[in-house]
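Biologist: I would like to learn how to read a model like this one. Can we take the features one by one?

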Amino acid sequence: MTEATAFGEAIVVDSLGSIEADQRKLAIYDRDIGIQLLHEDPRSGAEHYLIRYPAGLRAQLHRHTAAQMVVVLEGRLAVNDQIIGPGAYCHFPAGEPMFHAPAGDEPCLFVSIFDGPSDVEPLDA
């Protein structure tokens, strides 16, 4: 990532697709996903992530205590009962049950923005 110091604390990323994401297993997925923290606001607790879902990933219904926004960059994402692609935007209110996983047999790359600290609570289907 490139940080622009001449303009305060701005963060500028020229190519999100080129960022290497750490592999991490979260409770709602059947295997590791790629996840890279892009920004964390020390005042509000807001967190911005780059997420890489591998093809065929299985996910569970879940919710977060903070609202979550998603912007799809590459691939297709199954979101609740819809399939969305590059350029799509989703907003999930805080506490609302949600489902998102890669659609079909392709990986998916997206930005996930939480308006507070991220957490995850798995829910029964």
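Modeller: Start with pairing: two strands pair if DSSP finds at least two bridges between them. By that rule strand β7 (residues 68–74) and β12 pair in the antiparallel sense over 6 bridges. Keep in mind that this is a predicted model.

Biologist: Which residue stands opposite F114 in β12?

Modeller: Q68 stands opposite F114.

Biologist: Which other strand is joined to β12, and by how many bridges?

Modeller: Strand β5 (residues 47–53) is joined to β12 by 7 bridges, and the two run antiparallel. Here R52 stands opposite L109 of β12.

Biologist: What is the order of the strands in the sheet that holds β12?

Modeller: The order is β3-β4-β5-β12-β7-β10, an open sheet of 6 strands with antiparallel pairing. At the edges stand β3 (22–24) and β10 (89–92), each with a single partner strand, so one side of each has no neighbour in the sheet. Neighbouring strands of this sheet are turned by 30° against each other on average, direction ignored.

Biologist: Is strand β12 mostly covered or mostly open?

Modeller: First the general idea: in a regular strand the side chains alternate between the two faces of the sheet. For burial, the cut-off is under 20% relative accessible area. Strand β12 (residues 108–114) is mostly covered, with 6 of its 7 residues buried. In the protein as a whole, 38% of the 125 residues count as buried.

Biologist: What is the strand order in the sheet that contains β8?

Modeller: That open sheet has 3 strands in the order β9-β8-β11, again with antiparallel pairing. Its edge strands are β9 (82–84) and β11 (100–102), each of which pairs on one side only. The twist averages 30° from one strand to the next. Strand β8 (residues 77–79) is joined to the antiparallel β11 by 3 bridges, and the bridge partner of L77 in β11 is P102.

Biologist: How many disulfides does a search of the whole structure find?

Modeller: In general, a disulfide is a covalent bond between the sulfur atoms of two cysteines. The search of this structure finds 0 disulfides.

Biologist: How many helices and strands does the protein have?

Modeller: The protein has 0 helices and 13 strands. Its radius of gyration is 14 Å, close to the 14 Å from the globule rule for 125 residues, so the protein is as compact as a globular protein of that length. The C-alpha trace spans about 50 × 30 × 25 Å along its principal axes.

Biologist: What share of the contacts joins residues 24 or more positions apart?

Modeller: Such residues account for 63% of the contacts with a separation of 6 or more. As for the surface, the protein exposes about 7,100 Å², and carbon and sulfur atoms supply 51% of that area.

Notes. Residues are numbered from 1 along each chain as its sequence is written. This is a predicted model: local features need pLDDT of at least 70, side-chain atom pairs count only at pLDDT 80 or more; totals for chains, interfaces and linings use all residues. Side-chain values use heavy atoms; hydrogens and water are left out. Buried means under 20% relative accessible area, exposed over 50%, partly exposed in between (1.4 Å probe, protein chains only). Helices (H or I, at least four residues) and strands (E, at least two) are DSSP runs, numbered from the N terminus. A disulfide is a pair of cysteine sulfur atoms within 2.5 Å. Axes are lines fitted to C-alpha atoms, for helices over the stretch in contact, and angles run from 0 to 180 degrees between N-to-C directions. The radius of gyration is taken over C-alpha atoms; the globule rule is 2.2 Å times the number of residues to the power 0.38. Contact means heavy atoms within 4.5 Å. Accessible areas come from the Shrake-Rupley method with a 1.4 Å probe; for residues, only the protein chains shown count as cover.
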